[in-house]
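Try each task on your own before you read the solution.

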Amino acid sequence: MRGNHQRRRGGRAWIAGCAAVAWAATSVVPAQAAWAASQDTARPAVAKAPHLCTAWTHDGHKRTQLADKLDTDIEAAVHGRGDTYGVRVKDPDLGIECGLNSTEHFKSASAIKATILAALLLKAHEQHRSLTAHEKSLAYSMITVSDNNAATALWNDVGRAGLQKFLDLGKMKATVLGPGGYWGDSLLTAKDETTLLWLLLRPNAVLTTAARDYELSLMAHVVSYERWGVPAGAPAGFKVHVKNGWAPLDAPFWNVNSIGCFTHGKKAYSIVVLTAGNPSMAYGITTIENVAIKVHHDLNSSLTAAVPRSTRNASWGIPDENTPKN
């Protein structure tokens, strides 16, 4: 991307130091202006949080021990990695939530496609209709094989107003839509992506049960060579729902993102890992899977892991992007 953004950032110096942008101001800042401002904001280092994980149900010492173990294991998973990362974990059944730099911004690449589909489903519901056959075909391609043309068609179909309405209703306040048609340059946070996943997982006033089931079903049928990332280490018996994004949006460095939720009957939990500053797509996948394997094990210590670490695929290294060109 832009020359002054192509330097290497290691450890905790963040790709998008958007906390300094005036999203927190009381005046309304248009999304596209906020996006533009974020590209030129200084990028301060992010201090280590004293506790990444909390046991937010207070029903015994065991939960506190689990939070402490997740703290240690997530830190170990990213220790020494040269990229930057935002992590969010949520398991309501265990009363556990973790966040590592989870309010920092990352360019979305194709991870935004899960939001595009959710906004389309909201639009159709408000119009008192089902998705058309054409919309269903585009949605299927956009999610299961991460088709960019399909994403662009649906981005335009929903429109910026419709996309922003979904973000507002869903309380995804930190998400910033990319400028114009450049959905790949949208800005995400791990916290907002976790909010999106739980809009899909639990009944709410934004998405109908049918809409939630439909999107989760598509996320469960992503092609095998795009199912890397947070599924690594998932236990036997759980259904995996995932959407990933990957592109060198700050060339030559890669943005590699993975959002996913894991369901077994009424039990569900979610893992989001967003990364930037990766020297390659494979490097970002390794960071994400380092975290995911630890989290899955800690949340399901009595179960056997069923999803192995990913092996390199011929598609790795091929950008999946829609971004402004210099």
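The exercises below go from the whole chain to single residues, with a solution after each task.

**Before you start**

This is a predicted model, in which local features need pLDDT of at least 70 and side-chain atom pairs count only at pLDDT 80 or more, while totals for chains, interfaces and linings use all residues. Residues are numbered from 1 along each chain as its sequence is written, and side-chain values use heavy atoms, with hydrogens and water left out.

**Exercise 1. The whole chain**

Task: find how many helices and strands the protein chain has, and what share of its residues is buried.

Solution: 
- Step 1. Take helices (H or I, at least four residues) and strands (E, at least two) as DSSP runs, numbered from the N terminus. The protein chain then has 8 helices and 8 strands.
- Step 2. Call a residue buried under 20% relative accessible area, exposed over 50%, and partly exposed in between (1.4 Å probe, protein chains only). Of the 326 residues, 56% count as buried.
- Step 3. Turn to contacts, meaning heavy atoms within 4.5 Å. Among those between residues at least 6 apart in sequence, 71% join residues at least 24 apart.

**Exercise 2. The disulfide**

Task: find which cysteines form a disulfide, and work out its handedness.

Solution: 
- Step 1. Look for a pair of cysteine sulfur atoms within 2.5 Å, which is the rule for a disulfide. The count comes to 1.
- Step 2. The pair is C53 and C98, with sulfur atoms 2.1 Å apart. C53 sits in strand β1 (residues 53-55) and C98 in strand β3 (residues 96-100), so the bond links distant parts of the chain, 45 residues apart.
- Step 3. The torsion about the S-S bond of C53 and C98 is about 110 degrees, so this disulfide is right-handed.

**Exercise 3. The core**

Task: find which residues of the largest nonpolar core touch the most other members.

Solution: 
- Step 1. A nonpolar core is a set of buried Ala, Val, Leu, Ile, Met, Phe, Trp, Tyr and Cys residues joined through side-chain atoms within 4.5 Å.
- Step 2. The largest one has 87 residues, and I116, F166 and L207 touch the most other members. Helix α3 (residues 113-126) gives the most to this core, with 9 residues.
- Step 3. Select F166: leaving out residues up to four places away in sequence, its contacts include A118, L122, M172, L199 and L207.

**Exercise 4. The partners of β8**

Task: find which strands pair with β8, and in what sense.

Solution: 
- Step 1. Two strands pair if DSSP finds at least two bridges between them.
- Step 2. Strand β2 (residues 84-91) runs antiparallel to β8 (residues 267-278), joined by 7 bridges; R88 has V272 as its bridge partner.
- Step 3. Strand β7 (residues 253-264) is also antiparallel to β8, over 10 bridges, and T263 is partnered with A268.
- Step 4. β7 and β8 form a hairpin with 2 residues between them, and G265 in the turn has a positive phi of about 65 degrees.
- Step 5. For cover, 11 of the 12 residues of β8 are buried.

**Exercise 5. One residue up close**

Task: find whether D298 is buried or exposed, and what it touches.

Solution: 
- Step 1. D298 lies in helix α8 (residues 281-299).
- Step 2. Its relative accessible area is 6%, so D298 is buried.
- Step 3. Not counting residues up to four places away in sequence, D298 touches L66, K69, L70 and D73. The C-alpha atoms of D298 and L70 are separated by 6.7 Å, although the two are 228 residues apart along the chain.
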